[in-house]
Amino acid sequence: MTKKVIFFSIDRLGDYLIRSNVIKKISQNFEKVEIVGSNLNSKLLKTQKFLHQIYSFNTENKFYEKIKFIKFFLFKKYEKMIIFDGKNISNILLFLINANFKFTFL
């Protein structure tokens with residue numbers, strides 16, 4: 001199995017910039033690095049060469065769009081899952097995504 005990690009950073013640009021060095025350092029231990037970011041910081045995320053997959057979450061999504069987003073991640077498997085933002089959608093996925101290690105910053 002490929003060693004995969006997923007980060008959740010669904011917040012503003014400055015918040016991502018503050019933690020980007022931590023994300024990069026952790027990413028060095030994984031073959032595949034994925035991140036869920038907000039539509040506000042997706043342009044910056046696309047410039048980060050160490051990120052292999054970027055999922056953009058629109059913070060103004062309607063309820064059914066949030067359900068589709070959750071459904072997309074239901075059967076994904078990761079080695080580690082790390083949440084930086086504390087958003088409701090991230091916390092819901094914390095319980096639904098299959099990962100060997102889960103960590104959230106409050």
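**Salt bridges, rings and surface of a predicted model**

Trainee: Which residue forms a salt bridge with Glu34?

Mentor: In this predicted model, the closest N and O atoms of the pair are 3.9 Å apart. The partner of Glu34 is Lys32.

Trainee: What kind of aromatic pair do Phe72 and Phe73 form?

Mentor: The search of the whole structure returns ten aromatic pairs. For Phe72 and Phe73, the ring centres lie 5.1 Å apart and the planes stand at 90°. Since planes over 60 degrees apart fall in that class, the pair is edge-to-face.

Trainee: Which of the two, Phe72 or Phe73, is buried?

Mentor: Both residues belong to a cluster linked by ring pairs, which also includes Phe8, Tyr55, Phe57 and Phe69. Phe72 has a relative accessible area of 44% and is therefore partly exposed. A value of 1% places the other under the burial limit, so the buried residue is Phe73.

Trainee: Over the ring of which residue does the charged end of Lys4 sit?

Mentor: Lys3 lies over the face of Phe30, at 5.4 Å from the ring centre. The charged end of Lys4 is 4.8 Å from the centre of another ring, that of Tyr78.

Trainee: What is the accessible area of the nonpolar surface patch that contains Leu74?

Mentor: Leu74 lies in the loop between α3 (63-73) and β4 (77-83). At 34% relative accessibility it counts as partly exposed, and patch members need over 30%. With Phe75, Ile92, Phe95 and Leu96, Leu74 forms a patch whose accessible area together is about 580 Å².

Trainee: How far apart in space are Glu60 and Asn39?

Mentor: Glu60 lies in the loop between β3 (53-57) and α3, and its 67% relative accessibility makes it exposed. Asn39 is 21 residues away in sequence, whereas the C-alpha to C-alpha distance is 9.4 Å.

Notes: Residues numbered from 1 in each chain as written. Predicted model: local features only at pLDDT ≥ 70, side-chain atom pairs only at ≥ 80, totals over all residues. Heavy atoms only, no water. Patch = residues over 30% accessible without salt bridge, like charges linked within 9 Å, V, L, I, M, F, W, Y side chains within 5 Å. Areas by Shrake-Rupley, 256 points an atom, 1.4 Å probe, with all protein chains shown as cover. Salt bridge = Lys/Arg side-chain N within 4 Å of Asp/Glu carboxyl O. Helix = DSSP H or I, 4+ residues; strand = E, 2+ residues; numbered from the N terminus. Buried < 20%, exposed > 50% of the residue type's maximum accessible area, 1.4 Å probe, protein only. Phe/Tyr/Trp six-rings, centres within 6.5 Å; stacked < 30°, edge-to-face > 60°. Lys NZ or Arg CZ within 6 Å of the ring centre and 35° of its normal.
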